[in-house]
Amino acid sequence: MSAADAIVVGSGPNGLVAAVTLARAGRKVVLLEAADGFGGGLRSGELTLPGRVHDLGATVVAMALASPAFRGLELKGVEFAHPAVAAAHPLDDRPAVLVHRDARRTAEGLGRDARAWLATVGATARAGFPLVELLLKPLGPWDAPPRAFAQAIRFGLAGALPATTFARRAFRTTEARALIAGMAAHSKLDLRSPISAGYGLLLAGLAHLVGWPLVRGGSQVLADALVAELRSLGGEAVSGHRVRRLAELDAPTVVLDVTPRQFLAMAELPAGYRRRLQRFRYGAGVFKVDWALDGPVPWRDPAVAGAGTVHLGGTLEEIALSEAEAVAGRVSPRPYVLVVQPYAADPTRGGHTLYAYCHVPHGSPVDMTGTIETQIERYAPGFRDRVLARHTMSPADLEAYNPNLVGGDISGGVADLVQFLRRPVWSPAPWRTPLPGVFLCSASTPPGSAVHGMGGWQAARLALRD
Ligand SMILES: Cc1cc2nc3c(=O)[nH]c(=O)nc-3n(C[C@H](O)[C@H](O)[C@H](O)COP(=O)(O)OP(=O)(O)OC[C@H]3O[C@@H](n4cnc5c(N)ncnc54)[C@H](O)[C@@H]3O)c2cc1C
C-alpha cells in the first residue's frame, strides 16, 4: 500500500469518482472499503428472495445523468432505464398527478396551474445543464455562460423560499401544491424552512431535463463499472477493510468518503478545525422497507403503475406536517412515503420488487413497517396481499451497513441553508482539510447528498492541483 500515490477511503459514488479521476490523471490509487461490497449508497443485493435484486440505497439516478462528474466518465456497460412516467403523486379523492419527461404534458395535467408549472419547474429544465452545473458546483470552478448566472439568480429567488411558501405563491391547485411538496420532501427538511423549495424545483426540473432513470440491473452495476474502470487504470480496490486511524495510511494523498463524525474519530486535528467539525449537524433518519411482490402494486389509479417513483402522503399540508414531525423528533402516524417501483422501468431485477421509506426522527428505534404499508394501502387497496417477503432497515440498520448514514441520515448531514453554505465547514474549498494531502469528499461536502459524484470530483481536482 505504501506504493500508492493516493488512498481513497470509502467506495460510495463520491469515493469512486475521486478514485477514477485520480487514476485517469495517472496516479496509482488504492481504494479501501469497509463493507464486503463496493458502492456505499449504490449497493444492490438479494434482500428478500433469491434472485430478487434490491438497491440498498439509491435507485433513481437523475443526478448522475445531470452531473458533470459522471457525464465526463462515459462508463462502459451501464444502461439507464426510464419509466414511462418519471413520478406519480396519488391523491385520495381525485386522479393521481403525473410528472412526465415532457414538461408540457405534465403541465396539461395541472389544469389552472399549467402555466405556473412551465414558468417555474419548466424554466429550471429549460435552463438546462449550465444551470444544473452551477447548482452542483456552488463554489466553482465556473465555466458557465453568463446567461446561466442570470438563470441561477432567478432560480435562487424562488428556490431560497420554504417549499410551503413557494407552493402557495406559485400554484393554486391542490395537485400542483402536493406535487412540489412531494419533490421538496426529498430534502428531509421541514418544508417551512428556507431553500426547501430549491430542492423541489431542481428535482422536478431534472425529471424534464434528463428523466428519473434507474440503472438497468440495479445501482450496483454503476458501482461495479467504476471499480472496473479504476482497476483497468492500474488501481487497486479492496473491500472488507475499515480504516480506523488515518495514521494507518501511507500515501501523499488521502481522500476520505466519510462524514465529519468519522473523520473526528480517525484523525488528530487542529483544535479550531475540530471544533468546527463538531458543530456539524446530522438530521432526521430513514426507515426503509423492501418487498418481493407476486405482481405489480394494485394502485387505485392505474396511471401510477407506469411511474418509477411514487410520492405518498396526500396534500401539501399533510406532507409538510409529517416532515415537520420527523425533524422535530416525533414519529408521524401518516408519514410522507417515498416509493420506488423498479419494475416500471427495469424487468431484469428478478420480478416485482418494491422499496419505500419514510423520514423518522434521528436514530428512531420505532418500527415503521405497518405505518408505511398502511400509507400504501391508502392508495393501493390489497397491496399487502401481494407481499411475498419483506426486509426492513431501521436507522440503526442503515448505519450498520454504511457508517456514513449516521442515525439513519441518508443526506450526510442536515442540508438546510446553513449547512448548504457550511458543509462541513465554511470555506471556499471545504473538501480540503488542515492536514496536508488529506481531503474530504462525502455527501457531507458540497453539493451534498445524491448520486452525482461531485464531492469526489472536487476533492480529486484539488489533490491533483496541489
Ligand atoms: C435508502 C437510500 C435511498 C437513497 N435514494 C437515492 C436516490 O434514489 N437517488 C440519489 O441520487 N441518491 C439517493 N440516496 C443518497 C445517495 O445514496 C447518497 O447521497 C450517496 O450514496 C452519497 O455518496 P457518498 O460517496 O458520499 O457516500 P456513501 O454512498 O454513503 O458511501 C460511503 C462509503 O464509505 C464507506 N466507509 C465509511 N467509513 C469507512 C471507513 N472508515 N473505512 C472504509 N470505508 C468506509 C462506507 O462503507 C460506504 O461504502 C439514497 C440513500 C439511501 C441510504
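The crossing of helices α5 and α6 is left-handed, meaning that the near helix is turned anticlockwise from the far one by less than a right angle (clockwise would be right-handed). The model is predicted: local features need pLDDT of at least 70, side-chain atom pairs count only at pLDDT 80 or more, and totals for chains, interfaces and linings use all residues. Residues are numbered from 1 along each chain as its sequence is written, and side-chain values use heavy atoms, without hydrogens and water.

**Exercise 1.** Determine how α5 and α6 are oriented to each other and which residues form their contact.

*Solution.* Helices are DSSP runs (H or I, at least four residues) numbered from the N terminus. Step one: α5 (residues 114-136) and α6 (residues 146-159) pack at about 125°, with their axes 9 Å apart; axes are lines fitted to C-alpha atoms over the stretch in contact, and angles run from 0 to 180 degrees between N-to-C directions. Step two: α5 and α6 are therefore oblique, given that angles under 35 degrees count as roughly parallel, over 145 as roughly antiparallel, 65 to 115 as roughly perpendicular and the rest as oblique. Step three: the contact (heavy atoms within 4.5 Å) involves A119, A123, T124, A127, P130, L131, L134 and L135 of α5, and A148, F149, Q151, A152, R154 and F155 of α6. Step four: by class, this contact of α5 with α6 has 11 nonpolar, 2 polar and 1 charged residues; Ala, Val, Leu, Ile, Met, Phe, Trp, Tyr, Cys and Pro count as nonpolar, Asp, Glu, Lys and Arg as charged, and the others, Gly among them, as polar.

**Exercise 2.** Describe the packing of α8 and α9.

*Solution.* The axes of α8 (residues 174-184) and α9 (residues 196-209) come within 7 Å and cross at roughly 100°. α8 is therefore roughly perpendicular to α9. From α8, I180, M183 and A184 meet S196, Y199, G200, L201, L203 and A204 of α9. The residues of this contact divide into 7 nonpolar, 2 polar and no charged.

Note on methods
Helices (H or I, at least four residues) and strands (E, at least two) are DSSP runs, numbered from the N terminus.
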